[in-house]
Every structure is written in structure tokens, then in C-alpha cells.
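Subject: Handover of a structure and what was found in it

Dear colleague,

Please find the structure below, together with the sequence. I would ask you to keep it open while reading the notes that follow.

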Amino acid sequence: MKISQSGLRDFYNPEYCKIKWEESYINGYRSRPTAAMLDGLVFEQNVIGMSRGGEFYEIPKGKTGNTLKRETDLLKLAKEAQNTMLDLDIKLLDVQPEWETDDLIGHPDALITYKGEKAIMDLKYTAMREDESCRWNPYAWNDLEHKDFSQAIHYIELYYRMTKEYLPFFYLVFGKSGWVKFISIDLTNDSLTEYRTKLKNFKKDIKTFKPEGINKYEICRKCPITCNERITKPQIITIEC
């Protein structure tokens with residue numbers, strides 16, 4: 001199998017069910033996007049013109065077929081995001097490409113130029129507050145020293161293996177409330193070496209991989225996959241006192 005950044009991340013995530021991992025990354029199962037994911041996809045296709053795979057997404061209409069404020073606000077922010085990209089001198093070269101080598105695969109949002117120099121960009125939309133900390137929430141965008149940037153490392157390494165060229169990587173993050181962050185990833189040799197080691201370890205670990213259930217009701221109850229190890233009711237928590 002070819003290794004994606006999300007597949008590698010979730011394989012070593014103790015809170016990610018390994019039965020779900022097998023279904024998602026080996027058997028090709030795709031769940032329907034959550035409301036938050038759908039907002040991000042619609043935002044993305046309106047800013048850069050396309051979502052991954054060229055699929056088209058829409059925000060559901062109201063009961064009478066009317067456009068909801070949720071969609072109106074998204075489209076307004078998408079227009080502001082396009083203007084921000086112009087202000088930053090960001091130009092799109094390739095949108096939603098599929099990159100792959102013999103063992104890696106990736107789907108970056110865009111290959112761009114920033115001030116005339118080629119780079120990789122990932123576009124983000126989030127409903128998180130600007131001051132919400134990555135220390136407590138992996139989806140937040142504050143206290144960035146606690147953020148997992150393995151996605152950026154994966155795409156930088158993948159592009160290098162394809163072209164023998166290291167490119168800068170940028171996150172352009174737009175918050176629902178109007179805040180914006182433009183983040184440059186300055187990749188160190190230590191981080192790159194650590195990631196390459198993780199890739200090597202994955203190739204060994206996948207050979208002995210056995211999918212097992214996570215045995216946690218709070219995770220199983222939200223999972224769209226039905227399996228024999230699914231926990232269907234809350235487990236007893238025993239406290240000694």
C-alpha cells in the first residue's frame with residue numbers, strides 16, 4: 001500500500017480504532033463528511049476552485065429551499081480569502097493534484113507561487129476561536145508549538161522524492177469569525193529525519209498489523225462502521241474511595 005500522511009498519523013494514534021483504520025486505508029471505505037468537514041470542503045472549492053478529487057459539495061438548503069446563513073457566511077468568507085491571497089501575492093499553479101511515488105501518496109490543496117517563488121499551500125477553514133490552544137485541541141491554531149505538522153512534512157518529503165526539490169510549505173488558515181493566519185513551515189533536518197524513521201517503522205509494523213477494536217463506547221457510538229467488536233453501551237467506571 002502507498003502511505004498517506006493521514007494513514008500514517010492515524011496508524012500511530014491510540015485513539016483511532018484499528019478496525020476503522022483497516023476499512024479506511026486498506027479497504028477504501030469513505031464516510032460521509034460531517035457538518036464541519038462539509039463547511040471546509042465548500043469553503044475550499046469556492047476559494048481555489050476545487051475540492052479533492054474534483055467532487056462538488058453543497059450546503060443543504062433550509063426547509064423552504066432558502067439559502068441558510070451558514071452558506072451565506074461561508075461564501076462571503078471565501079471571497080475575502082481570495083482577496084487575501086491576492087494581497088499576499090499568492091498565485092495558483094495546480095489545484096488538488098495527486099502526488100505519488102513507489103511508496104508515498106498525497107493530495108495537497110495547491111501548488112502555488114508566493115511572491116514569485118514556488119511553494120506548497122494547504123488551505124484551512126475552521127470554526128475554532130483564534131485563541132483556542134493546540135495544547136488541548138489538535139484542531140486549534142494557537143500555541144503552534146503544540147501543533148502536529150506531519151502533514152506539511154509529508155508533502156515536502158513527497159515532492160522532494162518526486163522532483164529532488166525542497167519547496168516551502170504554507171498554511172493559510174481562515175477562522176469562521178474572520179481571523180486569518182498565514183503560517184510558514186520551516187522544516188528542520190531533525191524533523192525530516194524523525195519523519196523518515198517513522199515511515200521506515202510503519203513499513204515494518206504494517207507487516208504484523210492486526211486490526212483490533214478500540215473498546216471505547218465514546219468512540220464506537222460515533223463510528224459509521226459496523227463491526228463485531230463495537231461497544232454499544234457505556235462501560236462501567238469503578239472508583240475506589
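Asp131 has a relative accessibility of 52% and counts as exposed. The side chain of Asp131 meets that of Arg129 in a salt bridge, with 3.0 Å from N to O. Arg129 is likewise at 52% relative accessibility and counts as exposed. The term salt bridge is used when a side-chain nitrogen of Lys or Arg lies within 4 Å of a carboxyl oxygen of Asp or Glu.

Please note that this is a predicted model, in which local features need pLDDT of at least 70 and side-chain atom pairs count only at pLDDT 80 or more, while totals for chains, interfaces and linings use all residues. Residues are numbered from 1 along each chain as its sequence is written, and side-chain values use heavy atoms, with hydrogens and water left out.

Salt bridges

Side chains of opposite charge can pair when their charged atoms come close. How many salt bridges does a search of the whole structure find? The search gives 17. One of them joins the side chains of Lys216 and Glu15, at 2.6 Å from N to O. This pair links distant parts of the chain, 201 residues apart: Lys216 is in the loop between α6 (189-205) and α7 (217-220), and Glu15 is in the loop between α1 (5-11) and α2. Lys216 is partly exposed at 25% relative accessibility, and Glu15 is partly exposed at 42%.

A further salt bridge is formed by Lys124 and Asp122, whose closest N and O atoms are 3.0 Å apart. Here Lys124 is partly exposed, at 24%, whereas Asp122 is buried, at 3%. There is also a network of salt bridges that links Asp103, Glu157, Arg161, Arg196 and Lys203.

Helix α4

Helix α4 runs over residues 69-87 and has 19 residues. From its first C-alpha to its last it reaches 27 Å, close to the 27 Å expected at 1.5 Å a residue; the expected span is 1.5 Å times one less than the number of residues. Which residues of α4 are buried? They are Glu71, Leu74, Leu77, Ala78, Ala81, Thr84 and Met85. These residues lie on the same side of α4, because they cover an arc of only 130° around the axis; the arc is taken from the directions from the helix axis to the C-beta atoms. An α-helix has 3.6 residues a turn, so residues three or four places apart point the same way.

The buried residues of α4 pack against α3 (35-48), β1 (90-95), β5 (117-126), β6 (169-175) and β7 (180-185), where contact means heavy atoms within 4.5 Å. On the face turned away from the buried side are the exposed residues Lys69, Lys76, Leu86 and Asp87.

Aromatic rings

The whole structure holds 19 aromatic pairs. Rings of Phe, Tyr and Trp (its six-membered ring) pair if their centres lie within 6.5 Å; planes under 30 degrees apart count as stacked, over 60 as edge-to-face and the rest as tilted. Trp21 and Tyr25 form a tilted pair, 5.5 Å centre to centre with 40° between the planes. They are four residues apart in helix α2 (residues 18-25), which means that about one helical turn separates them. Trp21 is buried at 0% relative accessibility, and Tyr25 is partly exposed at 22%. Both belong to a cluster linked by ring pairs, together with Phe11, Tyr12, Tyr16, Phe202 and Phe209.

Lys147 lies over the face of Trp141, at 4.0 Å from the ring centre. A charge sits over a ring if NZ of Lys or CZ of Arg is within 6 Å of the ring centre and within 35 degrees of the ring normal. The charged end of Lys181 sits over the ring of Trp179, at 5.7 Å from its centre. Trp141 and Tyr171 are both buried.

Methods: Helix = DSSP H or I, 4+ residues; strand = E, 2+ residues; numbered from the N terminus. Buried < 20%, exposed > 50% of the residue type's maximum accessible area, 1.4 Å probe, protein only.
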